[in-house]
Amino acid sequence: MRLLVLGDFFYSYDYIADDIFAMSEYIKNHDLGVVLNLEGAITKSNSKIKKRGEHLRQSPKTIEVLRILNVKGVSLSNNHIFDFGKEGLAETIEALDEAGILHCGAGLDINEAAKPMHFQWGDYSYEFYGMTDFYEESIQASDIQAGCAAISN
């Protein structure tokens, strides 16, 4: 098994597009596990934070798409994961946990946000950290604040 590490992933559709199945075939045929950056919360919340740019919210169908694409883990540390506040982040974490998809880089406090995701695959052990800087309206986690892990932590 090999890992395919991808950048930003955002899925806002309520159906599964044909290209997802085509990518899934490639991933299966090459025996790949996937790690990616989940760019935005998987939430039904309408509680948007105040910010300059777009607010990204992903469809609940995203979890099924991540499974089809053999996603083993995601980084949550980005400028959109907190677009729908603590509620959106908490819903995202809950959905990922229920699906058995590992995550890192954001959490309900700094201890959770700074914790790496770790998994064993055959003879190999993988550990990923998710961190961000805060120039583009990311929310920094603290002992009492939900948010992302900082590069400086």
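1. A residue is called buried here when its relative accessible area is under 20%, exposed when it is over 50%, and partly exposed in between. With that in hand, 48% of the 153 residues of the protein chain count as buried. Please keep in mind as you read that this is a predicted model.

2. Let's start with the overall build. The protein chain has four helices and ten strands. Read from the N terminus, the elements follow the order β-α-β-β-β-α-β-α-β-β-α-β-β-β. The radius of gyration is 15 Å, close to the 15 Å that the globule rule gives for 153 residues, so the protein chain is as compact as a globular protein of that length. Along the principal axes, the C-alpha trace spans about 45 × 35 × 25 Å.

3. A word on contacts and surface. If you take the contacts between residues at least 6 apart in sequence, 70% of them join residues at least 24 apart. The accessible surface of the protein chain comes to about 8300 Å². Carbon and sulfur atoms account for 49% of that surface.

4. Next, the charged pairs. Side chains of opposite charge can pair when their charged atoms come close. The structure holds two salt bridges. One of them joins the side chains of Asp83 and Lys51, with an N to O distance of 2.8 Å. Asp83 sits in the loop between E5 and helix H3 (85-99), while Lys51 sits in the loop between E3 and strand E4 (57-58), so this pair ties together parts that are 32 residues apart in sequence. Both partners, Asp83 and Lys51, are buried.

5. Glu64 also takes part in a salt bridge, and its partner is Lys61. Their closest N and O atoms are 3.2 Å apart. Glu64 is partly exposed, at 36% relative accessibility. Lys61 is partly exposed as well, with a relative accessible area of 27%. For contrast when you look at the two pairs on screen, remember that Asp83 and Lys51 are both buried.

6. Where does Glu39 lie? Its place is in the loop between E2 and strand E3 (41-42). Glu39 counts as buried because its relative accessibility is 8%, under the 20% cut-off. Leaving out residues up to four places away in sequence, Glu39 touches Asp8, Phe9, Phe10, Leu56, Gln58, Asn78, Asn79 and His80. If you want a distance to check in your viewer, the C-alpha atoms of Glu39 and Leu66 are separated by 13 Å. Along the chain, Glu39 and Leu66 are 27 residues apart.

7. What about the cysteines? A disulfide is a covalent bond between the sulfur atoms of two cysteines. A search of the whole structure finds zero disulfides. Cys104 is in none, and its nearest cysteine sulfur, that of Cys148, is 11 Å away.

8. Two backbone angles deserve a friendly flag. Most residues other than glycine have a negative phi. Asp31, however, has a positive phi, near 50°. Asp31 lies in the loop between helix H1 (18-29) and strand E2 (32-38), and it is partly exposed, with a relative accessible area of 40%.

9. You will find Asn70 in the loop between helix H2 (62-68) and strand E5 (71-75). Asn70 is partly exposed, with a relative accessible area of 22%.

10. Last, a feature of the surface. Which residues make the nonpolar surface patch of about 320 Å²? They are Tyr129, Met131 and Ile151. Tyr129 belongs to the loop between strand E9 (124-128) and strand E10 (147-148). At 47% relative accessibility, Tyr129 counts as partly exposed.

Technical notes. Residues numbered from 1 in each chain as written. Predicted model: local features only at pLDDT ≥ 70, side-chain atom pairs only at ≥ 80, totals over all residues. Heavy atoms only, no water. Patch = residues over 30% accessible without salt bridge, like charges linked within 9 Å, V, L, I, M, F, W, Y side chains within 5 Å. Areas by Shrake-Rupley, 256 points an atom, 1.4 Å probe, with all protein chains shown as cover. Salt bridge = Lys/Arg side-chain N within 4 Å of Asp/Glu carboxyl O. Helix = DSSP H or I, 4+ residues; strand = E, 2+ residues; numbered from the N terminus. Buried < 20%, exposed > 50% of the residue type's maximum accessible area, 1.4 Å probe, protein only. Disulfide = S-S within 2.5 Å. Rg over C-alpha atoms; globule rule 2.2 N^0.38 Å. Contact = heavy atoms within 4.5 Å.
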